[in-house]
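Opening the notebook on this one. I'll jot down what I look up as I go.

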Amino acid sequence: MRDPKLYFIDGAAPESPTPTGTPAPWTETRVVGKALPRVDAYERLSGTAVYPSDVILPDMLFAAVLRCPHAHAKVKAVDVSAAAKLPGFRAVITGETKAADLRWYYTRTVFTKLFDPTCRFEGEAVAAVAAETPQQAWDAVRAISVEYEVLPFVVDERKALEPGAPPVQDGGNRVREPQKYQRGDVAKGFAEADKVLEVSYRTAAEFHTPMELHGCVARWDGQRLTVWESTQGVYPVQQRIATVLEMPLANVRVIGSYMGGGFGSKLQADKYNIIAAVLARLTARPVKLFLTREETFLCVGNRPPAEMRLKAGVKRDGTLTALELTVVGTGGAYPAGGTGLVDWLVRDLYTCPNVRTEATDVYINGGPSRPMRAPGHPQGAWALEQMMDALAEAIGMDPVEFRLKNVPTVSQGNEGQPPYTTTGLTKCLTEGAKAFGWSGARRRPKGDGPVKRGVGMAAGLWIAGDGGPPSTVIVKLFPDGSANLNMGASDIGTGTKTVMAMVVAEELGLPLERIQIENADTGTTEYATASGGSKTVPTESPAVRDAALAVRRQLFEIAAEELKVPASELRIEGDAVVSTKDPKTTKKIADLEGLRRRGLLLGVGTRGPNLEGKVIEPFVAQFCEVEVDTRTGQVWLLRFLSANDSGRVMNRLTYENQVIGGITMGIGLAMTEQRVFDRQTGKVVNRNWHDYKIPTAMDVPAEVTSLPMDIPDPEANTTGSKGLGEPVTIPTAAAVANAVYDAVGVRVTESPISPMRLVALLAARGTRG
Amino acid sequence: MRDDRDHGKGGCPHGVSRRGFLTAVGAGAIGAATLGRAQTPGGPSVAGTAETTKIALRINGRIHPLLVEPRWTLLFVLREKLGLTGTKVGCERGECGACTVLIDGTPRYACMTLAMEAEGHEVTTLEGLMDGEVLGPVQQAFLQEDAFQCGYCTPGQIMAAEGLLRGRQEPTLDEIRAGMSGNLCRCGTYAHIFRAVKKASELKKVAGR
C-alpha cells in the first residue's frame, strides 16, 4: 500500500477570501427574526424530498456488512464459498480482496486496513456483500463463515488502566498522557473557602441514533464516483473518500441535499462509503448500503461516558475560591476525544481564580466515539451544575443568586483571559428566573403525599458557536427578480436553508417563495465545512449576506443608470428599486433593461475572519419543574424554560424548535439513555430503540418555553448571530437532577435518573413516601 | 393506556398491531437480527426465498400488481419496489414509527407488516394525504407549527396523527400523547407536534376531511 495523499486540515487556520465589504449591522430587519415556516417544508412534508436513503437508481444492488460479533478478536479465516452460491449474490469483499486492500484513517497517524484482521470492538467490519435485494445480501452475509480468535477485552473505562487489563491497542490503553489545565493555586483556594465539597459524578455513554440510518448510494461513471450520503457535511466526506480511494477530488461527487438527522454522528465519512464504492466498482452497478438500526449502535459513534470527580470551594458570601475536576473517559477502541471538552465549563462558566483540571482518555473495546451535540459540555454541566446547586445550599444562598454572583466578564478558560463579545448569562439567569416564576416555585410546598414537587435550574455556555471561515456562497439574481442561493452547507434539520433564504430576502427584498436553494452537493455547490458545532448560522449567514450584497451592488449600478440617480441613493422596496430621496423615482427589478440584457447577476460571498482578542460564546440558563413519585422513583417533567443568548434571533419559529429539541435530547441524558455493555462478552446489550430508550411523546413536558434574549452581537459577525443548537442541550440534564433533588432531597450523581436508581437512593435515605 | 384501535373494526386482521408488536415476531426483526450470528457453521438454509408470489396491493386508491417474496415487508415494497419513499425506514423492527402507514384507516408499522398481509386492505401512505400538489390538512398543520426538524420521522408522525384524528376529531393532550407515542422524533420536536395535531384537528374540520 502506498501512502495516499491526505486532505486532513489538522489545525491549520481556516480561511476564505476576504469578503467584498463589511456591512454595518442591521439596525432593523424586515424578514430576519420573524417566525417563518421553513422554505423546504413542502418537500419534507409531502414526501417529495429525496433523502439519500430514498435514492433508487436503475440496476441498483444492495449491500450488507458482516461485522465482528466479538468485543475483541482476530480474524483467522473467512470462507465465502457458501455465500457466493446463493441466489441474488453478486460480489463479496473481505480483507483478502485486492480491491478492498485500503487504508482506513481514524486520525492522520492512526490507521488500519479497511477490513483489518484485528477487530477491536464489536461491530468492526469484516466483510461485505452486494446482492440483488437487501434480503439476499443478508442471506449471503449469514452464509459467510468466519474463524475468529476471541481475545480478552475491556469495556469499562474505569478498569482500562488496571494492571492486567487487556490492551486494546499495542501501546496499552492510555490514549495519551493525562491532559492538564491549571490557573491560580487550588490548594490556596480551598484553604480560603468556608465550605468545600467533593463529589463524584458520572454520565453514561449515549448514542446519537438519528432517524435516518447511516448509509449511502454509490455509483461509478467510468472514473467518476457519485455518492448520495446522509451527512452533515458533503465536503469532509468527499475529502475522505478521495483520500482512501486515491482519487482526484473532482472525481468524487458527494450529494446530501436532504438528510435525516446526525447530531454529530454524520460529520465524517465512514467505512461504509468505501465499501459501497468498492462493491459498485466490482459489480459495475450502483450499490445502496444503509446500515441496520442495530449496526448504528455499534460503529457510527457515541457520546463518551464521563467519570468525574469535582471538588469546589466557596466563601459564605458566594465567592467561588477553587474548582478541581478530574475526568476519565473513553472514545472507544481508537483515538476519538474520549474526554474532549468535559472540563470546559469548569474552566470558563463561572468566575474562579483557582482552577485545575485533569483528563485521562483511555481505550476500551467499544465503538469509536463521534462528537455528539455539544461534546463534553452536558457531561461537565452534569457535574458542575449539580455542584453549584449543592454549594448554594451549603451557604444558604438561592441557586440563581449564587450563579449571578459568579458570572464572568472574561473568558477565563482561554489563554490570556480575553473578554467575550457579548455575555448574556446575567440576562438569561434573571429574565429566565422571572419568566419561570423561580422564587415563587422554590417556596411552594413539596407536597404531603408520596408525590413530591420540585424545581431546578442550571446554566451553561458553549465553547464554539462563533463560526468562522471558510465558507463561500453564491447568490444569483434572475432578470424577473427571483433568486437562487447556492451553498455547500447541509441543513441538518436546524432550518439552515430557511435562515439563509431570509438573509437573502432581507437584502434583496424578494419573498422566500422566489428563492430557490441548491445546497450540500460537492459537484454543484460551494465549499462549506460540515454543519456542526452550532456554527452553521454564524458561519454561513455572513457569507450569504456578503453574496446578497454583492448582487445588490450590481443591481444598484444598473438601476442608477436607468433611474439617473446615484447608486448610493437607492434602496430596495418590495420588488422595486427606489430612490431614497424621492419615492416616485422607482423601477421594478423585473423591468430593469440592464438586468435583462445581462440575464443574471451573480454575487459571490465569503465568510471573513472572527475578531481577534475576543471570545464569542452563546449562553443559556434553563429552569424546570418535576414531580417525583417516591414510591416508584418515577419522575414526571412538568415544564421547562430555556433562556438563551445566541445573539440575534434569525427565525423565531426554528429558534424555538431548536430549544425544544435540545431540551428533549437533554431529557434523554437525564432520564433514560445509557449504553450498556454485557460484562461477560463485552457486547452492547441495548442496541435498539426498545432497550435503549430515547424520549417519546410520553416523556417530555408539553410546556416548553423558549425565552430568547435576542442580543444581536455586532462584533461576532455581520448578522450578529451566535450558535444555538448545542447550548440548548447543555444544562438540561443537570437542571432535571437539581429539580429532583429539590423535590426529594436525593442527589442522583450518576445518569440516567432511572426509577430503579432513584428508588434505591430514596430507600437508602429512608425517605420513601 | 389501552389503545382501542387495535381491537376496533378498522383493525388489520393479519398485520401486527402497533401496540401488540412486542408479542409478535415480525419479519423485519428476523431480517435485522443478524449481528453476531454470522459465524454459524455452514450458514443457515435459505431455501425458497427466491420464490415469488403474485399479489395486488391497493395503495392510495390504486391497484399495484406485484411479484413479491413472502418475506418482503410492506415497507420494502413501498419504498424500493414502488418508489413511494414518503414512507421512511428507521429501524425495521417496530420501534420508531417512521414507516407508519394507514391500513384500512388505522396506523400500522409497514416494517412489521408483510407485503402479502396487506393484500385485500386499503393502504394509505403520506403521498395519499396530498390533494394533488397541495398539502393535506395534517401536513399543513405540521408546516404552520414547525412540527419537524430533519423531517425524517415526519411522514410517520403525520400518518399517526391522521389515524388518530380519523378516530377522534378533537383529541385531548393526553390522547395526542398516547396517539403519537409510537413515533419517535430524535430531533425532539414533540412539543410542536402536539400543537400541530391540535391545529390539524381544526384544519380538518374546516376542510371537511
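Predicted model: local features only at pLDDT ≥ 70, side-chain atom pairs only at ≥ 80, totals over all residues.

I started with B:Glu175, which counts as partly exposed at 24% relative accessibility.

I looked for the partner of B:Glu175 and found B:Arg168, in a salt bridge whose closest N and O atoms are 2.6 Å apart. B:Arg168 is partly exposed too, with a relative accessible area of 41%.

I get six helices and five strands, and along the sequence they run α-β-β-α-β-β-β-α-α-α-α. Of the 209 residues in chain B, 59% are buried. I also checked the contacts between residues at least 6 apart in sequence: in chain B, 61% of them join residues at least 24 apart. The chain exposes about 8100 Å², and 52% of that comes from carbon and sulfur atoms.

Back to salt bridges, now for the whole structure. My search over all chains gives 63. I picked a couple in chain A to look at.

A:Arg285 and A:Asp59 came up, their side chains meeting at 3.1 Å, N to O. I placed A:Arg285 in the loop between α6 (271-283) and β14 (287-290) of chain A, and A:Asp59 in the loop between α1 (41-46) and β1 (61-67), so this pair ties together parts 226 residues apart in sequence. A:Arg285 has a relative accessible area of 16%, so I note it as buried.

Then A:Arg158 with A:Glu307, a salt bridge at 3.6 Å, N to O. These two also link distant parts of the chain, being 149 residues apart: A:Arg158 is in the loop between β8 (145-150) and β9 (179-183) of chain A, and A:Glu307 is in strand β15 (residues 306-314). I have A:Arg158 as partly exposed at 40% relative accessible area, and A:Glu307 as partly exposed at 23%.

I noted the crossing of α9(A) and α17(A) as right-handed. On the α9(A) side the contact residues include A:Trp382, A:Glu385 and A:Asp389, and on the α17(A) side they include A:Ala737, A:Asn738 and A:Tyr741. I sorted the residues of this contact as six nonpolar, two polar and three charged.

Key
Residues numbered from 1 in each chain as written. Chains lettered and ligands numbered in written order. Heavy atoms only, no water. Left-handed = near helix turned anticlockwise from the far one by under 90°. Helix = DSSP H or I, 4+ residues; strand = E, 2+ residues; numbered from the N terminus. Contact = heavy atoms within 4.5 Å. Nonpolar A, V, L, I, M, F, W, Y, C, P; charged D, E, K, R; others polar. Buried < 20%, exposed > 50% of the residue type's maximum accessible area, 1.4 Å probe, protein only. Areas by Shrake-Rupley, 256 points an atom, 1.4 Å probe, with all protein chains shown as cover. Salt bridge = Lys/Arg side-chain N within 4 Å of Asp/Glu carboxyl O.
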